[in-house]
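User: I have this model open on the screen. Can you walk me through some of it?

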Amino acid sequence: MAKVLVTRPAGQAQALCERLRAAGFHPVHQPMLKIRGCAEPAAEQRQRLMELDQYQWVIFVSGNAVKFGMNWIEQFWPQLPLGINWYTVGSGSAEALSAHGLAVNSPQRMDSEGLLAEPALQSLNGEKVLIVKGEGGRNLLQQRLRERGAKVDLLSAYQRLPPDLAAQQLKDLFEQHSFAAVLISSGEGLTNMLSLLGERAVAIAADSRVVVPGQRVAELAAESGFRRIAVSENATDEAMLRALQGAMRE
């Protein structure tokens, strides 16, 4: 049974691991990214939450953004304001947001570029957009929307942190298991993994098959020395498994 390293954050890998087992793989879960919700919104963030009804668009960039962002929003708005266009980037985050009773828009291509291609977001002269996200990360979405005339504010509801893992523990994990593939959850997760591996990263990158969620992470993997890269259509369980199965047939 081929062993597969799953690197999604804690609490976000169970369904994928179950799907892998059903498909005949042996998943080993070791998070390469830790997600932590921000305890309290800062003063500027509180103001944006209080003025939520003044935004025409609210965009959640991930499932974590929905989880932690909606926790804050519903504290300020037990009854959510009307007249807002609610958008998410992926199908999983769309389902999570729909559970709050909202009509949700989500692009077919599940990334920022796909969202930016949405016809409704091409011209935003003076309209207010709130992007719910984690601290740091890409700024492509806010830059492009501002270029299209939007007034963009950010609500940073969670942090992305390195995993609670000693470098030697990860090296030992690779030594103990002969992984048929490594499933990468994000570019930041890949960077954390390589940082922990240190000088061992060069050899592991040369030998390992990786499955990555999209072209942007594929480019990062290639720049990091990986040679056998399978690109999933998106980060959903189904798409990642399909990309893995295709890579294993090559």
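Helix H9 and its surroundings

Analyst: The buried residues of helix H9 pack against helix H7 (167-176) and helix H8 (187-197). This is a predicted model, where local features need pLDDT of at least 70, side-chain atom pairs count only at pLDDT 80 or more, and totals for chains, interfaces and linings use all residues. Residues are numbered from 1 along each chain as its sequence is written, and side-chain values use heavy atoms, with hydrogens and water left out.

User: What do the helix and strand numbers refer to?

Analyst: Helices (H or I, at least four residues) and strands (E, at least two) are DSSP runs, numbered from the N terminus.

User: Which residues of H9 are buried?

Analyst: Ala-201, Ile-204 and Ala-205. Buried means under 20% relative accessible area, exposed over 50%, and partly exposed in between (1.4 Å probe, protein chains only). The arc is that of the directions from the helix axis to the C-beta atoms.

User: And which exposed residues are on the face turned away?

Analyst: Val-202 and Asp-207 are the exposed residues on the face of H9 turned away from its buried side.

User: Next, pockets. What is the volume of the second largest pocket?

Analyst: About 150 Å³. A pocket here is an open set of points on a 1 Å grid over the protein atoms alone, where a 1.4 Å probe fits, with protein on both sides within 12 Å along at least five of seven lines; lining residues have an atom within 4 Å of a point. Grid points are joined across faces, edges and corners, and the volume is the space filled by probe spheres set on the points.

User: Which element gives the largest share of its lining?

Analyst: H9, with four residues. Strand S9 (179-183) and helix H9 (200-207) each supply at least two residues of the lining. The lining includes Phe-174, His-177, Arg-200, Ile-204, Asp-207, Ser-208 and Arg-228.

User: How does that lining split by class?

Analyst: Five nonpolar, three polar and four charged residues. Ala, Val, Leu, Ile, Met, Phe, Trp, Tyr, Cys and Pro count as nonpolar, Asp, Glu, Lys and Arg as charged, and the others, Gly among them, as polar.

User: You listed Ser-208. Where is it found?

Analyst: Ser-208 is in the loop between H9 and strand S10 (209-212).

User: Is Ser-208 buried or exposed?

Analyst: Ser-208 counts as buried because its relative accessibility is 12%. A polar atom of its side chain lies 2.7 Å from the backbone oxygen of Ile-204. Not counting residues up to four places away in sequence, Ser-208 touches Phe-174, Phe-226 and Arg-228. Contact means heavy atoms within 4.5 Å.

User: What about Gly-225, where is that?

Analyst: Gly-225 is in the loop between helix H10 (215-223) and strand S11 (228-231). With a relative accessible area of 30%, Gly-225 is partly exposed. Leaving aside neighbours within four places in sequence, Gly-225 is in contact with Ala-205 and Ala-206. Gly-225 and Ala-201 are 24 residues apart in sequence, and their C-alpha atoms are 8.7 Å apart in space.

User: Changing topic. Which residues in H2 are buried?

Analyst: In helix H2 (residues 43-50), Gln-45, Arg-48 and Leu-49 are buried. Their arc around the axis is only 100°, which puts them on the same side of H2. Ala-43 and Glu-44 are exposed residues on the face turned away from that buried side.

User: What covers the buried residues of H2?

Analyst: The cover includes helix H3 (63-76), strand S7 (128-134) and S8. Ser-156 lies in S8 (residues 151-161) and is buried, with a relative accessible area of 18%. Leaving aside neighbours within four places in sequence, the contacts of Ser-156 are Cys-38, Gln-45, Trp-72, Lys-133, Gly-134 and Glu-135.

User: Last one, Asp-237. Which side chain does its side chain make a polar contact with?

Analyst: The side chain of Arg-8, at 2.5 Å. A polar contact is a pair of N or O atoms within 3.5 Å; within protein, one must be able to donate a hydrogen and the other to accept it, and residues adjacent in sequence count only if both atoms are side-chain atoms. Asp-237 is in helix H11 (residues 237-249) and counts as buried at 17% relative accessibility. Leaving aside neighbours within four places in sequence, Asp-237 is in contact with Arg-8, Ala-15, Leu-16 and Arg-19.
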